[in-house]
Amino acid sequence: MKPSTRQQIERFVAACHEAAERGLLRCSSGNLSFRAEGGTMLVTRTRSWLGRLTADDVAVCSLEDGTSLNGVIPTVEARFHAGILRARPDMNAVLHYQSPHATALACQRRRAPTFNVIPEIPFYIGPVGRVPYLPPGSAELADAVVAVLSSHDLAVMENHGQVTAAVDFDHAVQNAEFFELACQIIVESGPDLTPLPDKAVRELLAQRRALRAPGA
């Protein structure tokens, strides 16, 4: 194993542990991927617990089709991880997670009217996508998730959880944490919830676009 690959795997394992320690997932419920060198990606082993992950639980997969190159069987969601990374060359990490309040909203028939209740949502995450419930690990789910994440940085998967695309591990965790905070505010505020004014949302989205523009 090349030293650069070994170092990437060490950082990858540490990021998995942090996601678990922050309560973003339970047992084997989440998975993580990261763009590696040579047209490959690192992705968590199927049914692995991210909080206990070791280097032996990291699959090195082809970015082209998600197949394992090192004999480690990847998560059943490897197809959408690979698809997102192919569709989003500006992003290097994909985190699928199930934080409590965000997942509670993903399981409600009545959708939240807006997630823009704190500035961090429009500024750091932008518009939030939505994916209908489809069987976990299915080609249909992978196609639907990739379609939505091609133009969004975070999506709610109905009755399933959330997925976010990010520049690096810290960015992925931050997206997940800010979204969970917004969802907790929505769940706990009830009818007294006051979202951000539309003008403030527009201004924050404009600031986000300016920061992401080429040369910014």
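Because the model is predicted, local features are reported at pLDDT of at least 70 and side-chain atom pairs at pLDDT 80 or more, whereas totals for chains, interfaces and linings use all residues. Residues are numbered from 1 along each chain as its sequence is written, and side-chain values use heavy atoms, with hydrogens and water left out.

The secondary structure consists of seven helices and seven strands, where helices (H or I, at least four residues) and strands (E, at least two) are DSSP runs numbered from the N terminus. In that direction the order of elements is α-β-β-β-α-β-α-α-β-α-β-β-α-α. The C-alpha trace extends over about 55 × 40 × 30 Å along the principal axes. The radius of gyration is 17 Å, which agrees with the value near 17 Å that a compact globule of 216 residues would have; this quantity is taken over C-alpha atoms, and the globule rule is 2.2 Å times the number of residues to the power 0.38.

Of the 216 residues, 50% are buried. Here, buried denotes under 20% relative accessible area, exposed over 50%, and partly exposed the range in between, for a 1.4 Å probe and protein chains only. The protein carries 21 positive and 23 negative charges, whose mean positions lie 3 Å apart. For this count, Lys and Arg are positive and Asp and Glu negative, while His and the chain ends are not counted; each charge is placed at NZ of Lys, CZ of Arg, CG of Asp or CD of Glu.

Strand β1 (residues 31-35) has four buried residues out of five and is therefore largely enclosed by the rest of the structure. Pairing of strands requires at least two DSSP bridges between them. By this criterion β1 is joined to β4 (residues 93-97) by four bridges in an antiparallel arrangement, with Leu95 of β4 as the bridge partner of Leu32. Strand β1 also pairs with β2 (residues 40-44), again in the antiparallel sense, over three bridges; in this case Ser33 has Val43 of β2 as its bridge partner. The strands β1 and β2 form a hairpin with four residues between them, and Gly38 in the turn adopts a positive phi of about 65°.

Positive phi values also occur at residues other than glycine. Arg47, in the loop between β2 and β3 (58-62), has a phi of about 60° and is exposed, with a relative accessible area of 71%. Asn159, in the loop between β6 (154-157) and β7 (161-166), has a phi of about 55° and is partly exposed at 48% relative accessibility.

Strand β6 pairs with β5 in the parallel sense over three bridges, and Ala155 of β6 is the bridge partner of Gly129. In a regular strand the side chains alternate between the two faces of the sheet. In β6, Leu154 and Val156 point one way and Ala155 and Met157 the other way, and all are buried. Val128 is located in the loop between α4 (120-125) and β5 (129-131) and is partly exposed, with a relative accessible area of 22%. Beyond residues up to four places away in sequence, Val128 touches Phe115, Ile121, His152, Leu154, Ala155, Val156 and Phe179. The C-alpha atoms of Val128 and Phe115 are separated by 7.7 Å, at 13 residues apart along the chain.

Helix α2 (residues 78-87) is likewise largely enclosed by the rest of the structure, because seven of its ten residues are buried. The buried residues are Ala78, Phe80, His81, Ala82, Gly83, Ile84 and Leu85. Pro119, by contrast, is partly exposed at 40% relative accessibility and lies in the loop between α3 (100-106) and α4. Apart from neighbours within four places in sequence, Pro119 is in contact with Leu196 and Leu204. Pro119 and Glu64, 55 residues apart in sequence, have a C-alpha to C-alpha distance of 36 Å.

How values were computed: Contact means heavy atoms within 4.5 Å.
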